[in-house]
Amino acid sequence: MEIMELLKSRRTYRRFEQKPVEDNIVNDILTAARYASSAANRQPLSYIVVRSPEIVKQVFDCTKWAGYFPDDSGRPKSGEEPVLFIGIVENLSINRNADTDAGLAISNMTLAAWSHGVGSCIIGACDRTKLSGLFHLTEDQKLHTVVAFGYPAHTSRIEDAENNEIRYHLDPNGNYVVPKRRIEDVVCFL
């Protein structure tokens, strides 16, 4: 896929087919994370891969989905859950501020996944305390984010934001629509 089309079409997905993500794709996702730029090349991130259905369910139960939607209506229903989670872990003994590194790694991961048709949802709204215990993290480790992966069971598309309204929403078919500000509204040339 051409890079600009890949960037445009890589959206958040919140409903998934119950089909495992193949090993070679998981490897590509992790390799893409490893290839991400890192401040001073310190590489403070590590990754927890969750594939077993039992542990995927435990992680899922610690997450919140689609904050713009009322009553948890954006949460995947039974049979729509992700089939894979990857936890992004900051190793504090290497770097105590790895937000930029994490963002770059997550972007690489989700783009690599999407190049194989695997959708993703970046989840910051999660119970980090429970997940840190589940992941057996040490005092020198901090869970940054979890990313859900799976083959999408819906579509997601970009449209131009109207009147600066940026809340994502569902179209009449239950597919996601993601308003983006127009380039002339966010860029200033000097």
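The accessible surface of the protein chain comes to about 10700 Å², and carbon and sulfur atoms hold 51% of that area; accessible areas come from the Shrake-Rupley method with a 1.4 Å probe, and for residues only the protein chains shown count as cover. This is a predicted model, in which local features need pLDDT of at least 70 and side-chain atom pairs count only at pLDDT 80 or more, while totals for chains, interfaces and linings use all residues. Residues are numbered from 1 along each chain as its sequence is written, and side-chain values use heavy atoms, with hydrogens and water left out.

**Burial and contacts**
- Of the 190 residues in the protein chain, 45% are buried, meaning under 20% relative accessible area (1.4 Å probe, protein chains only).
- Among contacts (heavy atoms within 4.5 Å) with a separation of 6 or more, 75% are made by residues 24 or more positions apart.

**Overall build**
- The protein chain holds 6 helices and 7 strands, which are DSSP runs (helices H or I, at least four residues; strands E, at least two) numbered from the N terminus.
- Along its principal axes, the C-alpha trace spans about 50 × 45 × 30 Å.

**The open sheet**
- An open sheet with mixed pairing is formed by 3 strands in the order β5-β7-β6, where two strands pair if DSSP finds at least two bridges between them.
- Because β5 (156–160) and β6 (169–170) each have a single partner strand, they stand at the edges, and one side of each is left without a neighbour in the sheet.
- β6 pairs with β7 (residues 176–180) in the antiparallel sense over 2 bridges, and H169 stands opposite V177 in β7.

Note on methods:
Buried < 20%, exposed > 50% of the residue type's maximum accessible area, 1.4 Å probe, protein only.
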